[in-house]
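Good morning, colleagues. Please look at the model on the screen while I take you through a few of its features.

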Amino acid sequence: MQYRELGRTGWKVSTVSFGAWAIGGTWGKVDDKESLAALHRSIDLGVNFIDTADVYGDGRSERLVAQLRKERSETIYVATKAGRRLDPHVAGGYNRANLTAFVERSLKNLNTEAIDLLQLHCPPTEVFYMPETFGVLDDLVHAGKLRHYGVSVEKVEEALKAIEYPNVQTVQIIFNIFRQRPAELFFTEAIRRKVGILARVPLASGMLTGKLTFKSTFESDDHRAFNRHGESFDRGETFSGVDYETGLKAVEELRALVPAGWTMSQFALRWILMFDAVTCAIPGAKNPAQAEDNVKAADLPSLSPEVMEKIRTIYNSHVRDLVHNHW
């Protein structure tokens, strides 16, 4: 396992870490025993950072992470998120009373006195222009409820605005072979301000595993079945905003570039880690085998400039016009 500094937190975190959305819900059936086994296997292999949220299974994911921490002696940094419990999910809901209540609930779920890293959970763009919201987070740090805070965003615009606030330590943003825009301006600014970057949706909802086909089906409670056009939340969260058929065509071209002995998942994760601005990728895993496959990407050799250019060409040919200027 390799480690990189997470912004200005002083933490060194595993370059392939653990995204805990799938073990909470909206990814089809999930088994808590298997989920815990996946978490334990990740820690065995050097993972020391887990990203979760209060809405993943309505606290289910946070509680599984708390159980893991209870059973392990290693230092495990845990990031969670707040805000998506709001209904309606509007900017005005990001106020002191609501944020404090969300934090208190997550503290209970995680069975801890202080949250390592709290992230605003893809709030409306207007929130990034509300300094009072970030003042509330500062107060929660001063009160000892949070150690650090950051944001999870949908758009590059939101990421750039968020890091203007001096105590935003991290930005979680969709970054993968199908979503390359963050590497342009945002990464440069994040490096300049020493802000950590968590690459979320690194495998494009499974599309970049190379395992999906035209015949693949998804359970009714899997967002890949019900959110392809943004019916429930931002369209970009599902297959990174790329329509299913186009994604499959691009994957077929990418498949030819995968080195012998690598899985396509490892190839996709290694591409992300080619960017020094990225602190870590946070793929999900529902079982130990998936966890092992993901983690191996951290120690693979660099991709050649020629392969990187071919990936860029595939992106420009199939995907760029669909996503580049949307997010």
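I shall begin with the nonpolar cores and then turn to individual residues.

This is a predicted model, in which local features need pLDDT of at least 70 and side-chain atom pairs count only at pLDDT 80 or more, while totals for chains, interfaces and linings use all residues. Residues are numbered from 1 along each chain as its sequence is written, and side-chain values use heavy atoms, with hydrogens and water left out.

A nonpolar core is a set of buried Ala, Val, Leu, Ile, Met, Phe, Trp, Tyr and Cys residues joined through side-chain atoms within 4.5 Å. Buried means under 20% relative accessible area, exposed over 50%, and partly exposed in between, with a 1.4 Å probe and protein chains only. The largest such core has 98 residues, and Phe178 and Phe186 have the most contacts inside it. A second, separate core of 10 residues includes Tyr77 and Leu198.

Next, Arg72. This residue is buried, at 17% relative accessible area. The side chains of Arg72 and Asp44 are joined by a polar contact of 2.9 Å; such a contact is a pair of N or O atoms within 3.5 Å, and within protein one must be able to donate a hydrogen and the other to accept it, while residues adjacent in sequence count only if both atoms are side-chain atoms.

Finally, the backbone. Most residues other than glycine have a negative phi, and most peptide bonds are trans. Asp87 and Pro88, however, are joined by a cis peptide bond, with omega about 5°. Asp58 has a positive phi of about 55° and is partly exposed, at 45%. Ser205 also has a positive phi, near 60°, but is buried, at 3%.
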